[in-house]
Amino acid sequence: MAHEAVSNTGSGNTELVRVATSESRLARYGLIGLALGFVALFLVLPLAAVFTEAMRNGPGEFLTVLSDPETFAAIRLTLLVAGIAVPLNLVFGIAAAWAIAKFEFRGKAFLTTLIDLPFSVSPVISGLVFVLLFGSHSLAGPFLQSHGIQILFAVPGIVLATVFVTFPFVARELIPLMQEQGTSDEEAALSLGASGWQTFWYVTLPNIKWGLLYGVLLCNARAMGEFGAVSVVSGHIRGLTNTMPLQVEILYNEYNFVAAFAVATLLALLALVTLVLKSLLEMKYSEQIAASRRH
Amino acid sequence: MSARTAPLWQFRQPSVLPGFGLALGVTLTWLVLIILIPLSGLAWRSSALGWATFLELATDQRTINALRISFGTALAAALVNVVFGVILAWVLVRYRFPGKRLVDAMVDLPFALPTAVAGIALTTLYAPNGWIGSLLSPLGIKIAFTPLGIVFALVFVGLPFVVRTVQPIMEEIDKEVEEAAATLGANRFQTIRRVLLPGLAPAVLTGFALAFARGVGEYGSVIFIAGNLPYVSEIAPLLIVIRLEEFNYPAATAIAAVMLMISFAMLLIINMIQAWSRRRYGYGA
């Protein structure tokens with residue numbers, strides 16, 4: 001195997017060298033088998049189940065479900081929410097990364113910790129905080145009600161919960177990347193007479209674009225797939241405040257399994273597209289993305 | 001610069017780059033609006049309950065069982081993920097086999113697949129009449145609709161956290177370390193146990209902490225497979241949702257506050273252990 005060729009020093013002592021820095025053939029095959037079995041059981045089978053169950057009654061019924069107006073409304077809402085939440089967190093992520101990666105200031109570590117906060121909060125709690133803030137029992141509740149502003153059980157609430165949950169994604173990718181790149185490129189541009197914005201557009205942005213895309217990809221996958229937080233604030237109004245993941249839940253709880261899995265198929269395809277693009281980015285621009293992976 | 005005396009306290013070091021004020025301003029505004037105000041709302045609402053009410057709500061037997069189930073299953077799942085995650089990372093870093101690229105990409109599936117989809121898929125597999133469940137039920141093994149089902153769902157969600165934190169550190173290990181161990185007479189098992197694993201400890205611990213924290217709060221993938229029997233297989237996030245649907249905001253707030261406090265305390269402890277073990281051993285720290 002190629003593995004042994006690496007350790008083969010060209011002399012006749014191959015076996016001795018291999019034993020020293022690698023495992024025996026048996027142990028290697030055992031570990032590979034164990035790892036592959038685990039991946040098959042926990043990752044491949046669930047994915048296969050989604051597609052198989054959706055096609056259980058043939059492609060005809062699958063397509064009928066997908067052309068249902070409620071499904072259509074759920075798809076539109078999911079795209080709308082992601083379409084608002086991702087750009088907002090993109091702008092925030094770039095701003096946060098610019099401040100944190102390019103400057104030295106007090107409280108930087110604390111700020112970074114705060115940005116990561118949503119990762120350690122349960123999605124249900126992420127929804128709950130907005131219910132407490134805007135619900136009819138809250139301080140803001142009566143004011144919102146008297147002015148006819150609907151936040152909970154409406155699109156603004158879903159957007160807020162999604163923004164909360166996907167808050168750290170872009171910043172997290174960009175901060176280590178921009179820290180590693182340092183500030184010398186920008187300093188050169190400035191000393192040659194570029195303005196601040198020009199420096200950002202023509203120097204910084206091209207340097208970080210693939211890492212940025214990577215962060216947006218992950219942010220978008222989470223925004224479209226978020227369930228817990230959105231479920232708490234949405235109110236589950238069919239055709240109005242149901243995103244695709246919520247639609248999956250409703251159909252499943254009605255024992256309408258084929259329909260539930262048909263909608264789930266779309267989300268699974270989204271996940272697969274995300275993974276493919278992610279792998280492509282990692283392969284082609286590994287040196288850019290590796291920076292964020294090491295931290 | 002040297003001509004001037006440096007001020008005693010300085011908020012930031014001087015820099016020729018522009019835009020610090022704007023960038024920090026946007027960051028802080030967004031952070032305060034989206035994260036800090038909502039979270040402090042939760043803190044304010046739970047402190048407004050008063051200590052006696054809070055304690056009563058938090059020590060309700062159903063709440064305690066739900067918390068115990070959430071933290072217990074998350075712990076079990078994180079431990080499973082540490083074992084298999086490290087093996088998987090090792091296999092991906094050290095060995096060559098057909099389809100390795102694909103396996104590597106698949107590891108991120110739980111990050112990309114919406115949790116509700118994972119939930120119904122795992123339930124389909126492990127329900128008593130499901131693909132795998134039907135093979136196990138003649139043996140008397142039930143996975144779905146038991147706490148074991150919750151562990152299975154959490155293993156799915158947590159796996160990439162361990163693999164992705166351990167993998168890059170494993171790639172950095174110098175072969176010389178292992179060669180040195182071997183020359184000094186260690187067999188392969190000793191080298192792995194005494195030389196490689198201690199160095200990986202901080203990364204493994206980080207992966208464990210991330211998987212654990214994610215598992216404690218996980219909702220979407222769990223509720224389908226758990227069976228959601230109160231006192232037995234009802235997780236804390238679900239109990240929050242149930243209390244909200246009953247318009248019992250104080251109870252929902254109290255459970256959320258307890259969950260956050262325990263999670264933060266555990267993360268703090270893990271951070272301290274990590275700092276210690278990074279000083280003691282540690283690659284790439």
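Biologist: Where is Asn228(B) found?

Modeller: Helices are DSSP runs of H or I, at least four residues, numbered from the N terminus; strands are runs of E, at least two. Here Asn228(B) sits in the loop between helix H11 (220-226) and helix H12 (236-245) of chain B. This is a predicted model: local features need pLDDT of at least 70, side-chain atom pairs count only at pLDDT 80 or more, and totals for chains, interfaces and linings use all residues. Residues are numbered from 1 along each chain as its sequence is written, and chains are lettered from A and ligands numbered from 1 in the order in which they are written.

Biologist: What is the phi of Asn228(B)?

Modeller: Positive, about 55°, although Asn228(B) is not a glycine. Tyr231(B), also not a glycine, has a positive phi near 75°. Tyr231(B) is found in the loop between H11 and H12 of chain B.

Biologist: Why does Asn228(B) count as partly exposed?

Modeller: Count other C-beta atoms, placed from the backbone, within 10 Å of the residue's own: 20 or more is buried, 12 or fewer exposed, in between partly exposed. Asn228(B) has 17 such neighbours, so it counts as partly exposed. Tyr231(B) has 12, so it counts as exposed.

Biologist: How many residues does the contact take from chain A and chain B?

Modeller: Two residues are in contact if their C-beta atoms, placed from the backbone, lie within 7 Å. Chain A gives 80 residues and chain B 77. On the chain A side, helix H3 (residues 25-54) supplies the largest share, 17 residues.

Biologist: What does the model score?

Modeller: ipTM is 0.89 and pTM 0.90.
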